[in-house]
Amino acid sequence: MISQEQNDTYTRVGPGSQCGELLRLYWQPVALVDEFEGPRPVRPVRLLGQNFVLFRDEQGRYGLLDRDCPHRNADLAFGRLENGGLRCPFHGWLFDVDGKCLETPAEPVGSKLCQRIRQGSYPVEVRSGVIFAYIGKGEPPAFPALDCFVAPDTHTFAFKGLWECNWLQSLEVGMDPAHASFLHRFFEDEDPEASYGKQFRATSIDSDLPITKVLREYDRPEIAVAAADHGLRLTTLRPIDETQTHVRVTNIVFPQAFVIPMSPEVTITQWHVPVDDHNNYWFTIFTSFTGPLDKKTMREQRLATYPEPDYRPLRNRSNAWGYDPSEQKAATYLGMGFDINIHDQWACESQGPIQDRTREHLGTSDKAIIAYRRLLSAEIAKAASGETPLMHLDATAAAALKGPVSFDGVDRSGDTERYWREGDARRRAAAPWGGEVEA
Amino acid sequence: MTDVTFILHDGTRRIVDVADGISVMQAAVMENIKGIDGECGGCLSCATCHVYVESLEAGELPAKDPDEDALLEGVAAELRPESRLACQIVMSPALVGLVVRVPERQV
């Protein structure tokens, strides 16, 4: 439970807010490269309560500009993509990717107005199918050498989806290992072989146990949380019998991402990016440690529930997320189908636009949430006093920040830490692109 | 933050505390100082933020762009040696004690 004031500090992210100023010090995912495949590579972007337009010019350069034309504030997301930039349809003012005004065609011949106009523009970088932007003050940090950024394009796949609630409650699901035993419980296990590209369907490493069975039958996990260079590492142990322990290692990469295993071969790196105080997009990069990913299949699977252009899920509050009481009785714990992403979406959205944390009661299994909020408070204070917050990295530190290790397997040695470290090292050594990770 | 004193056309004085990096025109518009318009938003294409600087010498103010001089030639009120466009006076602690007088008219 926290005070209303503290809840506001964590959740309000508009310009000038304390948490907003912290989050602006990091590269933020703003779009998928896939969104720019069509005939018109222009997309509106709302990030941290600010409106932008993202476009790709004829030279293939991406530009992120303030969305309102600096002339009379018409919407540049409806602009004409031509002559080296984006042109406002109202009076023809033309801007390049750097925000430079190239033409003001209604002004008299010889007018210098254009030279004095500069539209707000922000640095943009593309990594693993995701377009990242930096809208904060000063120089942007360097990109860390996370697996999802180091793996080649063939071994990553990116997707996104809109959740209509505050960013923090969405991220907090990703640091709550206990919920998976309940929220994602299936009464029958699917054939893991028939579950390509889906979360919590595979078999844990070194076992023939479907993860769905482990989660269902061993529902009181021991959770340990440790500070790490990237944020937090969570180790979740589920003792299966006297000789076997299910071990799951997951991470928070500060400030807004988690890194978890999807299957023995694939990890998930997922950001929760505030659109504004009441909405967030999840951006996920799937990273394969074995063969190339079947991106076409993975994209089609997800577009079926998160259609373009806004990636707003078909199941949402307006249709009670497709809740089916008979399914809840017979097949799933929640009664909203077999897509675990929808389960998490319901959990977050049902908490309300901003979870009222003055009314919550946290348990022992919420220890990572508590640790994360402490960390967030400390880093908000650092940013406010002009110090460099965690993960705002220079090039040297960024190159050294690798991994992080995420793992799901069954240990029989009794030394669970050695087990997951060695298992990860073996997987990495066998990966076509892998390298060493943490010491 | 630095105080700027505006002397309005009727003689009233208003003091506004202005953040560094904000122009005297922006501060005046945001604070509803009557008599300073700033139609072009500070891109030197109008001359509707004309003020007379009362307190500081010309050398203590940000330097004048030739385009500012050209626009000052066309101001509606009397042009005086202490005439400036307020959009070109960007506040910093160096301008402590700045007093500007609003002219009779801008257009």
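**Strand pairing and the A–B contact**

A:Val124 stands opposite A:Ala133 in S11(A). The model is predicted.

Reader: In what order do the three strands of the open sheet in chain A stand?
Author: The order is S1-S11-S10, with antiparallel pairing. On average, neighbouring strands of this sheet are turned by 35° against each other, direction ignored.

Reader: Why is one side of strand S1 and of strand S10 of chain A left without a neighbour in the sheet?
Author: Strand S1 (28–32) and strand S10 (124–127) stand at the edges and have a single partner strand each, so one side of each has no neighbour in the sheet.

Reader: Why is A:Arg116 with B:Asp67 called a salt bridge?
Author: The cut-off is 4 Å between a side-chain nitrogen of Lys or Arg and a carboxyl oxygen of Asp or Glu. The closest N and O atoms of A:Arg116 and B:Asp67 are 2.1 Å apart, so the pair qualifies. Three salt bridges are found across the interface of chain A and chain B. By class, the side of chain A that touches chain B has two nonpolar, no polar and two charged residues.

Reader: How much area is buried between chain A and chain B?
Author: About 400 Å², of which carbon and sulfur atoms give 49%. In chain A, the residues losing the most area to chain B are A:Lys112, A:Leu113 and A:Arg116, together 92% of what that side buries.

Methods
Residues numbered from 1 in each chain as written. Chains lettered and ligands numbered in written order. Predicted model: local features only at pLDDT ≥ 70, side-chain atom pairs only at ≥ 80, totals over all residues. Heavy atoms only, no water. Buried area = accessible area lost by both parts, 1.4 Å probe. Nonpolar A, V, L, I, M, F, W, Y, C, P; charged D, E, K, R; others polar. Pairing = 2+ DSSP bridges. Helix = DSSP H or I, 4+ residues; strand = E, 2+ residues; numbered from the N terminus. Axes fitted to C-alpha atoms, helices over the stretch in contact; angles between N-to-C directions.
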